[in-house]
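I am opening my notebook on a new structure today. Here is what I looked up, entry by entry.

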Amino acid sequence: CIECHDPHAPRFKAIEPQIRQVVTHALDAIIANGEAEFVREFAYDVPALVLFRLVGVPDADVAKVKAWAVSRALLTWGNLSDAEQLPHARNMVEYWNYCRALVAQRHASPSDDLPGDLIRLQKEGAEISDDEIAGVLYSVLFAGHETTTTLIANGLRELLLHRRNWEALVANPALIAGAVDEILRFSP
């Protein structure tokens, strides 16, 4: 049970209507088209959009935050020449400045999201600086959605390879939570 183990469960519950809207919008687009490249059209975008809601990233900023995540991945794991690294390094400076601006915005206008929570804790005496809060955002905005994208893609692959398991989940949705745990174990 997510509520038993996850201290952020109340926040997920509070934004559940927004999460449903994100998922429904993505699925409606796939249905309207009649087919999809599922990872690109669903698994890549949906986790980021949900995470960005938790962090308070406005929809207008989603494309640039995702572009910065690509730059960060390329700089971390890519095999880029010096010239190829330059635009991505510039993106990382913009990304860092964006995270610092989110923190400054939360100081000016308190909010009910992750940076707002961290600012409240800071004001209550927690020893966390604005740069540390920006650092948390810098990490979470990157890593927080890439892992879920991989889980969705691996899960779909496993279920398509083992249709009997897919059919069991369709017949009994109560099995889904256990199936997610098993997919994480079997195909991380």
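Before noting any surface area, I wrote down the method: accessible areas come from the Shrake-Rupley method with a 1.4 Å probe. I also reminded myself that this is a predicted model.

**Burial.** Next I checked how much of the chain is covered. Of its 188 residues, 30% count as buried.

**Fold.** How many helices and strands does the chain have? I found eleven helices and zero strands. Reading along the sequence, I wrote the pattern as α-α-α-α-α-α-α-α-α-α-α.

**Extent.** I then looked at the C-alpha trace, which spans about 50 × 45 × 35 Å along its principal axes.

**Contacts.** For contacts between residues at least 6 apart in sequence, I noted that 59% join residues at least 24 apart.

**Charges.** I looked up 17 positive and 26 negative charges in the chain.

**A patch to find.** Which residues make a nonpolar surface patch of about 220 Å²? I listed Ile176, Val180 and Leu184. Val180 sits in helix H11, which covers residues 176-186.

**One residue more closely.** Why does Val180 count as partly exposed? Its relative accessibility is 32%, and partly exposed means between the 20% limit for buried and the 50% limit for exposed. So Val180 is placed in the partly exposed class because of that 32%. Patch residues need over 30% relative accessible area, and Val180 has 32%.

Notes
Residues numbered from 1 in each chain as written. Predicted model: local features only at pLDDT ≥ 70, side-chain atom pairs only at ≥ 80, totals over all residues. Heavy atoms only, no water. Patch = residues over 30% accessible without salt bridge, like charges linked within 9 Å, V, L, I, M, F, W, Y side chains within 5 Å. Salt bridge = Lys/Arg side-chain N within 4 Å of Asp/Glu carboxyl O. Helix = DSSP H or I, 4+ residues; strand = E, 2+ residues; numbered from the N terminus. Buried < 20%, exposed > 50% of the residue type's maximum accessible area, 1.4 Å probe, protein only. Contact = heavy atoms within 4.5 Å. Lys, Arg positive; Asp, Glu negative; His and termini not counted. Charge placed at Lys NZ, Arg CZ, Asp CG, Glu CD.
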